[in-house]
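Trainee: I would be grateful for a close look at one part of this structure, namely the barrel and the surroundings of its strands. Please take it step by step.

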Amino acid sequence: MLEIIAGSLQDAITIEECGGNRIELVQSLGEGGLTPSYGLVKKVLTHVIIPVNVMLRTNSRSFHCSMHDIDVMKEDALIFHELGVRHVVLGILDIHGMPDLRAMEYILENTDLTMTFHRAIDESRDIMEAVKRLKTYRRCTHILTSGGLGQEGVNIGIVRDIIVKAQGMRVIVASGIDARNLNAIRNELDFSLLGDEGEADNYDFHVGTGVRGKDYRNPVSEDEVKELVAIYNHAQDRVL
């Protein structure tokens, strides 16, 4: 799947009309994405039919959350669930730098929401151990990652290891992806996964500024989405 970030109703409509497969709905993209408003979530759900994954994140200061932040996200999760949201994007690290399953379950209890564990995993103390922990959590179906911090773009080697380790969860590959590099990243990943039967197609792509002229302040560009979708679909057809 090709997942594209939307920060407005028009973004979401453009993504769907131009062939995107899934939306990650956020506000404050310049801060890495924060929880969108009730009104925006409601409007997007009524205007598009492709899947909409909604960010749950109160601030960009840290992936270590206070109880106040957790209670706010819990309230948002309940409201979004009532609106018809099925999947959220969430990532909390405990004091040891590992996924805080207890906090996330507290936030999502009394809902049937599933979740993507977002790029908090790239700041975890041990990425592979974090993946192992997330595999025990029934709500977590996806992991969004660039393969760790400290490099530009996607760390192919670590992402490859995450894909193999995830087994049953789907990995969403992120960081600087656009029409110019999508094929190269895909080819590198597929080559690195040779011999891992069943894993070569177990990942999606996630795009933010890559369809905004590389500037988070811009709206989603129809032309850039269409170009990216054409490249992605051509590569997909080749695999099939």
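Mentor: In this predicted model, eight strands close into a barrel in the order β1-β2-β3-β4-β5-β6-β7-β8, with parallel pairing. Within this sheet, neighbouring strands are turned against each other by 30° on average, direction ignored. In general, the strands of a sheet pair through backbone hydrogen bonds, in either a parallel or an antiparallel manner.

The contact between β1 and β8 deserves attention. Strand β1 covers residues 2-6 and strand β8 residues 203-207; the two run parallel and are joined by three bridges.

The whole structure contains two aromatic pairs. One of them is formed by Tyr-203 and Phe-205, in an edge-to-face arrangement with 5.5 Å centre to centre and 90° between the planes. Phe-205 also pairs with Tyr-232, again edge-to-face, at 6.3 Å centre to centre and 85° between the planes.

Open space can be examined next. Rolling a probe the size of a water molecule over the atoms shows where empty space is left. The largest pocket has a volume of about 510 Å³. Its lining comprises 24 residues, and those nearest the centre of the pocket are Ile-5, Leu-29, Gly-32, Arg-119 and His-206. Two of these names fall within the strands just discussed: Ile-5 within residues 2-6 of β1 and His-206 within residues 203-207 of β8. By class, the lining of this largest pocket holds ten nonpolar, nine polar and five charged residues.

The second largest pocket has a volume of about 210 Å³. Its lining includes Leu-45, Pro-51, Asn-53, Gly-84, Arg-86 and His-87, and the lining residues divide into seven nonpolar, three polar and one charged.

One cavity of 30 Å³ or more is found, and the largest cavity contains about 70 Å³ of space. It is lined by 13 residues, with Arg-57, Thr-58, Cys-65, Met-73 and Gly-91 closest to its centre. That lining has six nonpolar, five polar and two charged residues.

Notes: Residues are numbered from 1 along each chain as its sequence is written. This is a predicted model: local features need pLDDT of at least 70, side-chain atom pairs count only at pLDDT 80 or more; totals for chains, interfaces and linings use all residues. Side-chain values use heavy atoms; hydrogens and water are left out. On a 1 Å grid over the protein atoms alone, a cavity is a set of points where a 1.4 Å probe fits but cannot get out, and a pocket is an open set with protein on both sides within 12 Å along at least five of seven lines; lining residues have an atom within 4 Å of a point. Grid points are joined across faces, edges and corners, and a volume is the space filled by probe spheres set on the points. Ala, Val, Leu, Ile, Met, Phe, Trp, Tyr, Cys and Pro count as nonpolar, Asp, Glu, Lys and Arg as charged, and the others, Gly among them, as polar. Two strands pair if DSSP finds at least two bridges between them. Helices (H or I, at least four residues) and strands (E, at least two) are DSSP runs, numbered from the N terminus. Axes are lines fitted to C-alpha atoms, for helices over the stretch in contact, and angles run from 0 to 180 degrees between N-to-C directions. Rings of Phe, Tyr and Trp (its six-membered ring) pair if their centres lie within 6.5 Å; planes under 30 degrees apart count as stacked, over 60 as edge-to-face and the rest as tilted.
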